[in-house]
Amino acid sequence: MQRLCMALAAVTFCAPAMADTSYPLKAHEAPDFALHAIAGGNVRLSEHRGDVVILSFWGSRCTPCREQLAALNRTLATYRSAGLQVYGINVDDDQTRALAYAHGESVTFPLLLDPEKAVSRSYQVDNLPMTLLIDRNGTVRFCVRDYNAKSEELFLQQLRALLNE
Amino acid sequence: MQYVVRLLLVLTCLAMPVAFAQAPLTAEPPPASAAPAADAAPPATGAVPPADGSAAAPSDAAPAPDTRGLDTEVQGLKKDVVDLNRELFVLEEELLFPANTQVAVFVSMDVGDFFALDSVTLKIDQKEVINYLYTPREVEALLKGGVHRLYLGNLKVGKHELVAFFSGKGPNDRDYKRGATLKFEKGIGAKYLELKINDRQRKQQPEFEVKDWE
């Protein structure tokens, strides 16, 4: 019984890391894209080489997505001066919901629209929220497929390491 | 006399730790890890290396010329890679888009007071070939005189039709969408077309034009 408990604990503890290692684009160049922003100009990923970029795929009906966007807003406020860029990519079919959310919430980073899901497909998004860390050379370094306190802590550790590189 | 003997003994005792502190360093052989440094060091004059670690200084300074050489080598390799990449790029273009079928479409912009470019959709022979979103930086580059190669493809010799749709913000910050059409004939050589966005001061409106570079 003890062994079983230990095994379960190990699996739970390693879950974020396991999810990360199974992401097929990890250690590969992040696919480039250009998307419309809900407010402001269009955004092209390749223009941000030299910055650490966080891409967060979200949907307006997903509650953890909203929590994560709020957390990312705080993270951006802390690390913006260190060269951090954050983009939220909305994958809703109905863009009016995304617009309503964007006008209701006060996130300071651009929220991008991906109505045709071309970017979501290229990044093989299979869960919401899904957050990617891209290093200063444009390589995908870390992926979080879920949002909770444990995964957030791990994510922040990785982010700090990337910003220090 | 006893006082003199005691004083000598005290002095001897005080001197002992200093002597022992130096003795192991001089008596013991250098550690294995230090051996290469000792080999690399200039020929010894018989003096024992000092115990304060200053002996490491010559061994640290010695590989500096090698590092510089390595750096030059790396820079040379980088240059070779860049040259090779350029040659491969040219070769790829020549293979994928041979001059007899090549068609290139460019975008340029002048002034931009009446139109803020957002995107261009290009159709050739009623088939959409590209939809390009322009970022503020790219628009800025266009306004500074830059020319953007929007599309590079292949077309057969003969008559073709090009339709370009320009989206953005027009006068008074209103959404603005206009089209421009050109019927052109593709010859044996490469074809270059330019989509020009100009301001028409009289009408206070933007003007979209497709120019055929023979």
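This is a predicted model: local features need pLDDT of at least 70, side-chain atom pairs count only at pLDDT 80 or more; totals for chains, interfaces and linings use all residues.
## Basis of the description

Helices and strands are here DSSP runs numbered from the N terminus, a helix (H or I) having at least four residues and a strand (E) at least two.

Chain A contains an open sheet of seven strands, arranged in the order β2-β1-β5-β4-β3-β6-β7 with mixed pairing. At its edges stand β2 and β7 (140-144) of chain A, each of which pairs on one side only. Within the sheet, β4(A) and β5(A) run parallel and are joined by three bridges, and Asn90(A) stands opposite Leu113(A) in β5(A).

Two helices can be described by their contacts with these strands. Helix α2 of chain A, residues 63-79, packs on the sheet and touches β3 (52-58), β4 and β6 of chain A, its direction making about 165° with that of β3(A). Helix α5 of chain A, residues 149-164, lies across β3, β4, β6 and β7 of chain A and runs at about 165° to β7(A).

## The two faces of helix α3(A)

In helix α3 of chain A, which spans residues 95-104, the residues Ala98(A), Tyr101(A) and Ala102(A) are buried. Because these residues cover an arc of only 100° around the axis, they lie on the same side of α3(A). The buried residues of α3(A) pack against β4 (84-90) and β5 of chain A, whereas the face turned away from the buried side carries the exposed residues Thr96(A), Ala100(A), His103(A) and Gly104(A).

## Backbone features in loops

Lys117(A) counts as exposed because it has 11 C-beta neighbours inside 10 Å, and the cut-off for an exposed residue is 12 or fewer.

In chain B, a positive phi in a residue other than glycine is found at Gln126(B), where the value is near 65°. Gln126(B) belongs to the loop between β2 (116-124) and β3 (127-133) of chain B, and, since Gln126(B) has 7 C-beta neighbours inside 10 Å, it counts as exposed.

## The architecture of chain B

Chain B has five helices and eight strands, which follow one another along the sequence in the pattern α-α-α-α-β-β-β-α-β-β-β-β-β. Of the 214 residues in chain B, 10% are buried. Among the contacts in chain B with a separation of 6 or more, 61% are between residues 24 or more positions apart.

## Where the chains meet

Contact between the chains involves seven residues of chain A and six residues of chain B. On the side of chain A that touches chain B, β1 (34-37) and β2 (43-44) of chain A each supply at least two residues. The residues of that side of chain A divide into two nonpolar, three polar and two charged. One of the contributing strands, β2 of chain A, is also an edge strand of the sheet.

Key
Residues are numbered from 1 along each chain as its sequence is written. Chains are lettered from A and ligands numbered from 1 in the order in which they are written. Ala, Val, Leu, Ile, Met, Phe, Trp, Tyr, Cys and Pro count as nonpolar, Asp, Glu, Lys and Arg as charged, and the others, Gly among them, as polar. A residue is buried if 20 or more other C-beta atoms lie within 10 Å of its own, exposed if 12 or fewer, and partly exposed in between; C-beta atoms are placed from the backbone. The arc is that of the directions from the helix axis to the C-beta atoms. Two strands pair if DSSP finds at least two bridges between them. Axes are lines fitted to C-alpha atoms, for helices over the stretch in contact, and angles run from 0 to 180 degrees between N-to-C directions.
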